[in-house]
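User: Could you walk me through this one? I'd like the fold layout before anything else.
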Amino acid sequence: MKGKTIENPELVEFAVTARKYKTQLTRKFKNRKVWVEPNAYEIQSFIPGTIIHISVKEGEIVKEGDPLLILEAMKMQNRIEMPFTAKIKTINVNVGDRIPKETLMIVLEEVE
Amino acid sequence: MSLKKNILALRQRKAIVEMGGGDKAMQKQAAMGKLTARERILTLLDPNSFHEYDLFVEHEERNFGMDDKVLAGDGVITGTGTIKGAPICIYAQDFTVMGGSLGLKHARKITKIMDHALKMKVPCIGINDSGGARIQEGIGALAGYGEIFYRNTLSSGVIPQISVILGPCAGGAVYSPALTDFVFVVENISKMFITGPNVIETVLGEKISQEDLGGARVHAEITGNAHFYALSELECLEQIKELVSLIPHSNLQKAAKVEAKKPTFKKNIENIIPADPKQPYDVRDIIYALSDESKFLEVQELWAPNIVIGFGRLGGESVGFVANQPMYLAGVLDCDASDKAARFIRFCDAFNIPIVTLEDMPGYLPGVDQEHAGVIRHGAKMLYAYSEATVPKVTVILRKAYGGGYIAMNSRHLGADFMFAWPGAEIAVMGPEGAANIIFRKEIMEAEDEDAMRQQKVKEYIEKFANPYVAAAKGYIDAVIEPLETRGLLLHALEVSKNKDDHRPYKKHGVPPF
């Protein structure tokens, strides 16, 4: 086997375990989502939909289980609740907003 | 009335229905760059071979002003014919007739020709060009779709089913093609989606064109829904003819054997693969060097290109090739590649097409996205498909065969009939660098010069294990062969496997990790 090395500008170094291979990448691979560790203090939408009600204000301390807002999606009113007792730092959405999945809706902060 | 008069009356009736939605609608169809349903059938089938049935079927809907609406053939043409002499059943939705919308009678014409195909054991081809359910017919249209899906499922693995998307195919309609064996799409003409751009914009506010959401290229490259992608309808129809000539009429037959012809590929098979295992090459060059006339009909060329699948001939007999492609993602197995290969292997097995596996792969693709996308579940499909297959199965290890990938790529352990390896093959539990790092970890860490020790240990490992002889010593490889011997051995392997008889335990059906 004495095949010659291919000269191709699209070839990149690509690590599979301990070895790096020369290869091309696919569009799908390049567009893949990079994983980030979820932040418990960030409330994101789990489904695309419309904000139809917001029950809390910035600066307010809200107890675990209390309602935060209602996200209507697929004709269903989803009640988003407080995951643990904390202070509302910022609210990034308004009533009537149509938001995609994984939109950062509310940021929490620890209660001193 | 004399017979002559009756004949003239029949001709007149036929001529009216054959006008479809009329001149204006036909012109509109042409303006979109599309052939009419009838033109498509006549272009695809052998000259004078098409015979139409149910030309005079009429819908029975009485609501919403439908009672006085006449719809030619109820918007679909059905019949039988031949492609390069092979008998087939076919239907084509006629977009000029009420947008090719599917009502109950339209669906019943389709299910009737599908039933015929299943009974007569001939391939069934469906040409889709329809705005979707005929809303006026309400759940009658839904019933129609369901009856088609049911027959797609019953026919699966019995007769080859081909779907051609030459227009919109949206909502429930997409599931018939999804259930069939091969889906053909054409740039700018095919559109497939469950919910269209309008709904997505209303619900989510996301603006996207039909083409970007579910156009031909998207399904050929991103979703994997489409198996064949063409730039024009004529190219698409040629692809169908080629495919039909390579597959059998049903699971009771083998694909038609043709005269054996030598490869015409100019490159020497010994000069295709770079000596450095980290350098890529196009594995299709190996297929061209092996197959009759160097012909290869690639399936799903653009999707998951890190594995190559498709049909060719060896000694005149149709075979399915499955090959790792080092040119993309180093030829790793990932979710999409496993799905792609598994379905193809199952098609080949169902339709008595021997499988030739060409292996050169470094392992599975590492990454959070892969693990979370279920590479375990998807990867398992491939193990299942190879293990389940009882057609002749031959593997040639061209270069790398590491770890789980070695097992997955039709290894002896999954029931390969013949295992060949080229002399440069590296068959090992993992790549030499990784293995040496683990096995000689202590020696490397304790050495004064860690890098020098690591390099020495990697070298030792390569010399001892990165070759085909360890596996050959255990009988996992039947023969270490020279590249130039490969075609001859493949022809021989198929020849001696002609009467292969391999039984599986009785079962209603297996439960593969779908």
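User: What pattern does chain A follow, read along the sequence?

Analyst: This is a predicted model, in which local features need pLDDT of at least 70 and side-chain atom pairs count only at pLDDT 80 or more, while totals for chains, interfaces and linings use all residues. Residues are numbered from 1 along each chain as its sequence is written, with chains lettered from A and ligands numbered from 1 in the order written. Chain A reads β-β-α-β-β-β-β-β-β-β-β, where helices (H or I, at least four residues) and strands (E, at least two) are DSSP runs numbered from the N terminus.

User: And how many of each are there in chain A?

Analyst: Chain A has 1 helix and 10 strands.

User: Which strands form the open sheet, and in what order?

Analyst: The order is S7-S6-S4-S9 in chain A, with antiparallel pairing; two strands pair if DSSP finds at least two bridges between them. Strand S7 (76–81) and strand S9 (98–99) are the edges, each pairing on one side only.

User: How many bridges join S6 to S7?

Analyst: Strand S6 (residues 67–73) of chain A is joined to S7(A) by 6 bridges, and A:Ala73 stands opposite A:Met76 in S7(A).

User: Switching topic, what's the radius of gyration of chain A?

Analyst: Chain A has 22 Å, whereas a compact globule of 112 residues would be near 13 Å; the radius is taken over C-alpha atoms, and the globule rule is 2.2 Å times the number of residues to the power 0.38. Along the principal axes, the C-alpha atoms fill a box of roughly 70 × 35 × 20 Å.
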